Structures are given as C-alpha cells and as structure tokens.
Amino acid sequence: MNTLPLIEVSIARGRTPEQLRSLIGALHRAAETSVGAAPENTTVIIREIEHEHWSRGDQSIAERNAAAQETTAINEASADTAAESRSH
C-alpha cells in the first residue's frame, strides 16, 4: 500500500533551523516506519505560531513567559538582598 501522508504540525515560534530540520526528518521517518509511506510521497508542513497567538488556560505563551521572567527577577532580587544582609 502506497500512502501519501500529509503531516501538519503547529509549534510555537522559537526553534532553530536545525531543530526544525530534525523534526521534519523525524516525522518523515515516523511516516515510513508506521504506515509504510514512501519518503518522496510524504509532505510535512510546520506552522510556527507567534507566542501571542497561542494560548492555554486563557493565557498566551507570551503572557506566561512574561510572568515567569517577572518571577525570576523578583527571586533574583530577593536572593541579592538576602546575600547583602548576610555580608553585613
């Protein structure tokens, strides 16, 4: 059986070209081994989605990243303050 798979992937923007190439290769291999697809008949489409356009739980990736950066900055400031207090 000669299948003609079309594999579509949506992924958050931010991967390197090498990572995307690796993903494409892995998807082609998966189609070959799992359904016997001929490599020349397999199409892979990767859509990179902007962080502002992808959400889960009513919060976009961009909003989650900003909140995480804020938390990290607060934690680093607290650690610096604690270190200063110990040195005096």
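You are looking at a predicted model, in which local features need pLDDT of at least 70 and side-chain atom pairs count only at pLDDT 80 or more, while totals for chains, interfaces and linings use all residues. Residues are numbered from 1 along each chain as its sequence is written, and side-chain values use heavy atoms, with hydrogens and water left out.

**Stop 1: the strand pair**

Now widen the selection to residues 6–12 (strand E1) and residues 43–49 (strand E2), which run parallel and are joined by seven bridges. Strands pair here if DSSP finds at least two bridges between them. The element names follow DSSP runs numbered from the N terminus, with helices (H or I) of at least four residues and strands (E) of at least two. Another bridge to pick out is that of Ser10, whose partner in E2 is Arg47.

How does the chain cross from E1 to E2? Show residues 17–35: the path goes through helix H1, and this β-α-β crossover is right-handed. To check that by eye, point the strands away from you; right-handed means that the path from the first strand over the helix to the second runs clockwise.

**Stop 2: the nonpolar core**

Next, select Ile7, Val9, Leu27, Ala31, Ala37 and Val44, the six residues of the largest nonpolar core. Such a core is a set of buried Ala, Val, Leu, Ile, Met, Phe, Trp, Tyr and Cys residues joined through side-chain atoms within 4.5 Å. Buried means under 20% relative accessible area, exposed over 50%, and partly exposed in between (1.4 Å probe, protein chains only). E1 and H1 each supply at least two residues of this core. In soluble globular proteins, nonpolar side chains tend to be buried together.

Centre the view on Leu27. Leaving aside residues up to four places away in sequence, Leu27 touches Ile7, Val9 and Val44; a contact means heavy atoms within 4.5 Å.

**Stop 3: two loops**

Go to Gly14, in the loop between E1 and H1. Gly14 counts as exposed because its relative accessibility is 59%. For a sense of scale, draw a distance from Gly14 to Asn75: the two are 61 residues apart in sequence, and their C-alpha atoms are 25 Å apart in space.

Then jump to Thr42, which sits in the loop between H1 and E2. Is Thr42 buried or exposed? Its relative accessible area is 8%, so Thr42 is buried. Beyond residues up to four places away in sequence, Thr42 touches Pro5, Ile7, His28, Ala31 and Ala37. Its side chain also reaches the backbone oxygen of Ala38 at 3.2 Å.

**Stop 4: Glu48**

Return to strand E2 and select Glu48. With a relative accessible area of 26%, Glu48 is partly exposed. Which residues does Glu48 touch, not counting those up to four places away in sequence? They are Ile11, Arg13, Gly14, Arg15 and Leu20. The side chains of Glu48 and Arg13 are joined by a polar contact of 3.3 Å. That term covers a pair of N or O atoms within 3.5 Å; within protein, one must be able to donate a hydrogen and the other to accept it, and residues adjacent in sequence count only if both atoms are side-chain atoms.

**Stop 5: strands E3 and E4**

Move on to Asp58, in the loop between strand E3 (55–56) and strand E4 (59–60). Its phi is near 60°, a positive value in a residue other than glycine. Asp58 is exposed, with a relative accessible area of 78%. Ser60 lies in strand E4 and is buried, with a relative accessible area of 8%. Not counting residues up to four places away in sequence, Ser60 touches His51, Glu52, Trp54 and Ser55.

**Last stop: the whole chain**

Finally, zoom out. The protein chain has two helices and four strands, in the pattern β-α-β-β-β-α along the sequence. Its C-alpha trace spans about 75 × 30 × 20 Å along the principal axes. The radius of gyration is 22 Å, whereas a compact globule of 88 residues would have one near 12 Å; the value is taken over C-alpha atoms, and the globule rule is 2.2 Å times the number of residues to the power 0.38. Colour by burial, and buried residues make up 19% of the 88 in the chain.
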